[in-house]
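This briefing concerns aromatic ring pairs and the setting of selected residues. Please consult the sequence and the structure shown below alongside the points that follow.

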Amino acid sequence: MRKNPGGTPLVAALAFVVALGAGPAAAAEPRTPAGPTAPTAIAALEVGAPTGWATAGAGTTGGAGAAPDSVHVVSTRAELAEALANDGDPAAPKVILVRGAISGNEADDGRLLEARDYAPGWDLERYMACFGPEGTEWSDSRHPWCGEQRRLRTTGSNAQKRQIQLTVPSNTTLLGLGRDARLLGVNLSINTGRNIIVRNLELEAPVDHFPSWDPWDGEQGAWNARFDALSVITGTNIWIDHCTFSDGRFPNGEAPTGFHGEPVERHDGLLDMEDGTDLVTVSYSRFTDHSKTMLVGSGDGRGDRDRGRLRITFHHNLFADSAQRSPRVRFGQVHVYNNYFTGSTDDPDYPMHYGIGVGLESMVVSEYNAFDYTGPGASAELALANLNGHQFLDRGSWFRGRPTDLNAVARRQFEARAAEARATPEPPEWALREFTTDVGWVPADVYDYRPQRDPRAVRATVLALAGAGRLAVPWPR
């Protein structure tokens with residue numbers, strides 16, 4: 001790890017990096033292209049402060065004001081872990097610059113660890129055999145090895161977690177240098193951290209070497225993987241900007257075959273925000289080639305932790321071949337504007353299910369989002385899925401370039417679900433409510449923003465500016 005000795009030219013070279021989170025004194029956000037024919041190459045992308053919920057409360061400045069010895073340049077997993085610890089003062093303001101690719105499975109000696117390193121003797125085929133041919137029920141006595149495989153799956157999963165999970169503490173700016181800064185198979189975690197900025201990084205979703213099969217999950221059972229690319233638990237004032245999230249080199253189509261001829265799901269979420277996480281902006285980022293992309297709120301039964309929190313803004317993000325949960329929201333006051341959604345219902349790896357998930361007690365304001373879904377049966381119905389949410393408001397969104405009434409879609413879906421639930425002996429409380437476009441809050445009352453109002457401009461802006469490698473972050477010399 002290259003640290004900054006006080007007084008060297010590196011201080012001046014990094015001064016602008018620290019200013020990335022300097023609030024009002026920082027440069028403005030990238031200017032909106034003048035029209036739908038905006039160029040796909042922007043000569044100079046201005047760095048700036050966030051827009052949206054991340055500006056509320058104490059604001060989000062990350063490592064602004066970091067001391068010279070709290071600026072770190074890292075290129076290995078061990079160096080990244082050391083930088084996050086920040087010489088025993090992890091909560092002090094710090095700037096961590098990522099150079100090149102860092103693998104979460106990289107041991108301190110440089111070896112890349114695999115399943116056999118975490119749990120010698122683990123075998124996925126043997127594990128599946130213990131559920132029977134159709135994967136219906138586990139039995140330790142089905143084969144001589146079943147008890148051992150059950151234990152190996154648990155110990156291996158825990159060992160992999162200890163290796164790949166890296167926790168970002170408060171008052172941190174984590175920034176990729178240049179166009180090729182990547183975290184590969186790292187489970188980046190924010191756990192109770194405050195005032196954190198993550199920018200200009202590619203995050204490839206971890207491959208869970210030890211996924212678990214649940215025969216009772218859904219109609220035929222389901223695989224459950226453990227690790228997100230970035231998980232936020234009870235985090236506050238967070239800005240995630242110009243990042244790229246995907247399954248990367250390990251798409252679902254290349255996974256081992258599991259039960260019912262379906263691939264084994266080895267990925268969890270790309271970006272999940274749970275347990276009272278609050279005041280977050282996700283901007284100019286790409287979420288591609290993934291199934292269950294993003295959760296906001298962890299469950300219908302977690303309202304005690306999540307009500308009044310989960311205030312999050314998503315703007316100018318690309319969701320491409322993101323099969324569902326883009327995002328899937330419970331409880332939160334979530335603002336989704338000027339995002340671009342593409343995908344196909346017949347994609348072999350990531351067939352489209354839905355875009356925005358409107359869940360229990362969610363208060364989603366959707367504005368001027370562009371949906372270009374294709375394939376058999378593709379329609380504006382795919383833009384969202386009503387998952388027991390009775391409040392939703394959309395203004396000005398488009399499906400394939402034409403205005404679409406997403407409020408009517410949300411209402412129709414809610415009323416169908418509610419009618420089915422009311423026919424049961426004990427209808428849930430949500431089913432007794434009436435659908436409304438009154439979500440109880442107005443984004444403009446909280447922060448300033450200027451949405452684009454032309455689908456061609458939204459598409460051009462997102463494709464030109466969203467994702468890692470598009471910030472002009474030079475290598476400090």
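Ring pairs link Trp122, Tyr127, Phe131, Trp138, Phe210, Trp213, Trp223 and Phe259 into a cluster; rings of Phe, Tyr and Trp (its six-membered ring) pair if their centres lie within 6.5 Å, with planes under 30 degrees apart counted as stacked, over 60 as edge-to-face and the rest as tilted. The model is predicted: local features need pLDDT of at least 70, side-chain atom pairs count only at pLDDT 80 or more, and totals for chains, interfaces and linings use all residues. Residues are numbered from 1 along each chain as its sequence is written, and side-chain values use heavy atoms, with hydrogens and water left out.

**Aromatic pairs**
- The whole structure contains 22 aromatic pairs.
- Phe131 and Trp138 form an edge-to-face pair, because their ring centres are 5.0 Å apart and their planes stand at 70°.
- Trp213 and Phe259 form a tilted pair, with centres 4.7 Å apart and planes at 50°.
- Trp213 lies in strand 11 (residues 212–214) and Phe259 in the loop between strand 15 (244–246) and strand 16, so the pair ties together parts 46 residues apart in sequence; strands are DSSP runs (E, at least two residues), numbered from the N terminus.

**Burial of the ring residues**
- Phe131 is buried at 4% relative accessible area, where buried means under 20%, exposed over 50% and partly exposed in between (1.4 Å probe, protein chains only).
- Trp213 is buried at 8%, and Phe259 is buried at 7%.

**Asp275**
- Asp275 is located in the loop between strand 16 (271–274) and strand 17 (278–283).
- Asp275 is buried, with a relative accessible area of 16%.
- Beyond its neighbours within four places in sequence, Asp275 is in contact (heavy atoms within 4.5 Å) with Ile233, Thr234, Ser298, Arg302, Arg305 and Asp306.

Conventions
Helices (H or I, at least four residues) and strands (E, at least two) are DSSP runs, numbered from the N terminus.
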